[in-house]
Amino acid sequence: EVLWHPGLVQACCADAGREAGDAATAAAERRFMDLERFLLGGGAAVPPAPVGAREALVYTYAKVGSTALLRVFSRSGPCWHSHGHMISRTLYGAMRPPCTVAAGTRDPRDRMPSEFFDRLFLASPNEHRDFSVRELGLLHVAGPLLWGDAIDSKRIGKTARWSSWAQLQASERDIPSAVRSAFSELLPHMAEIIRDFMTMFASTAGIAAAELFAARPGASHLYFPASENGPKCDVLVLPFERIGTWSSLLRIRGFPTADNKIIRERPNRAVDRSSGELYKEFKRSLRYTDEELKILCTVDTVCLPFYRALRRICQRHLNATLHPSCAIS
């Protein structure tokens, strides 16, 4: 049950067979199940052979368009999705070329409100209520797998201040102020979860940190082709701020069926929930304090070439401590 949870590992085989036929779909499904058995230690000592189609792993932190990437990759062959380092390393070890490993990134100033509203309530999934994909019960069971080895499951399981939208409305006179206070309280925890994410991504994907963080400023994306002396899979890093260009970039990078419509129709958006209006107002009125910005400056996403403007704010205006990976670039 945990393995099939969409926030942990996800097989996307049905779309791959729409154009290739039932035989291709069945082969893709067999490949996923073989890798699942390998992952759980119940199969062969070595991973099974690929089905011939390009395999893909979406290995990224949450709220950066990973579901959109998953939907695109699923049209080409077997694909997997993980927000955790340990399980991504295992899946990467089992993949065989031709393959692609992809990560999305996002300016932490813009991402943190989306992450926070994903954690605003911890209620069971229901079409009329908010819910988080990181529900409390799942977190206690799969926290270390989902978020990586270094994060303690008890800290991950830190519950939201309110259990439901109704409770928030009933218990708070000034809802915007209460939500803003809760956001400030949770911000260090959210930053800690992704602090070293891209550094660990580079290590797993087989690229040097210097290549990732020292790329030229102004790049629309980062691409590291598979090579004999480099990564075994193509590596893609796509900034969320340029999601409108993802389909054309992905077509160039080995996914000819990438469709901008699929990417635009992103599920699990904060604006589409019952708290959507509150989220939009929160985003409009949010002004980070200097101390909150200093927390964001410690995240290694700031070291990527896409976010040089934020890095300059951290260095010149805040005199903040940057993530050690920034020294590479």
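A residue counts as partly exposed when its relative accessible area lies between the cut-offs of under 20% for buried and over 50% for exposed. In this predicted model, Lys283 is partly exposed, because its relative accessible area is 29%. Lys283 takes part in a network of salt bridges together with Arg106 and Asp110, and a search of the whole structure finds 9 salt bridges.

**Salt bridges**

- The side chain of Lys283 meets that of Asp110 in a salt bridge with an N to O distance of 2.9 Å, and this pair links distant parts of the chain, since Asp110 belongs to helix H5 and Lys283 to helix H14 (residues 276–285), 173 residues apart.
- Asp110, for its part, has a relative accessibility of 26% and therefore counts as partly exposed.

**Helices H5 and H9**

- Helix H5 (residues 108–118), which contains Asp110, packs with helix H9 (residues 175–194) at an angle of about 105°, and the axes of H5 and H9 are 9 Å apart.
- Because angles of 65 to 115 degrees count as roughly perpendicular, H5 and H9 are described as roughly perpendicular to each other.
- On the H5 side the contact is made by Arg111, Met112, Pro113, Glu115, Phe116 and Phe117, and on the H9 side by Val179, Ala182, Phe183, Leu186, Leu187, Met190, Ala191 and Ile194.
- Sorted by class, the residues in the contact of H5 with H9 comprise 12 nonpolar, no polar and 2 charged.

**Helices H4 and H10**

- Helix H4 (residues 85–94) and helix H10 (residues 197–205) pack with their axes 10 Å apart and at an angle of about 20°, which makes H4 roughly parallel to H10.
- The crossing in which H4 passes H10 is right-handed.
- In this pair, His85, Ser88, Arg89 and Tyr92 of H4 meet Phe197, Met200, Thr204 and Ala205 of H10, and the residues of the contact divide by class into 4 nonpolar, 3 polar and 1 charged.

**Covering of helix H3**

- Helix H3 (residues 66–73) is mostly covered, with 6 of its 8 residues buried, and these buried residues are Ser66, Ala68, Leu69, Leu70, Val72 and Phe73.
- The elements covering the buried residues of H3 include the strands S1 (55–59), S2 (79–82), S3 (99–105) and S5 (234–239), together with the helices H12 (246–252) and H13 (260–264).

Note on methods: Residues are numbered from 1 along each chain as its sequence is written. This is a predicted model: local features need pLDDT of at least 70, side-chain atom pairs count only at pLDDT 80 or more; totals for chains, interfaces and linings use all residues. Side-chain values use heavy atoms; hydrogens and water are left out. Axes are lines fitted to C-alpha atoms, for helices over the stretch in contact, and angles run from 0 to 180 degrees between N-to-C directions. Helices (H or I, at least four residues) and strands (E, at least two) are DSSP runs, numbered from the N terminus. Angles under 35 degrees count as roughly parallel, over 145 as roughly antiparallel, 65 to 115 as roughly perpendicular and the rest as oblique. A crossing is left-handed if the near helix is turned anticlockwise from the far one by less than a right angle, and right-handed if clockwise. Contact means heavy atoms within 4.5 Å. Ala, Val, Leu, Ile, Met, Phe, Trp, Tyr, Cys and Pro count as nonpolar, Asp, Glu, Lys and Arg as charged, and the others, Gly among them, as polar. A salt bridge is a side-chain nitrogen of Lys or Arg within 4 Å of a carboxyl oxygen of Asp or Glu. Buried means under 20% relative accessible area, exposed over 50%, partly exposed in between (1.4 Å probe, protein chains only).
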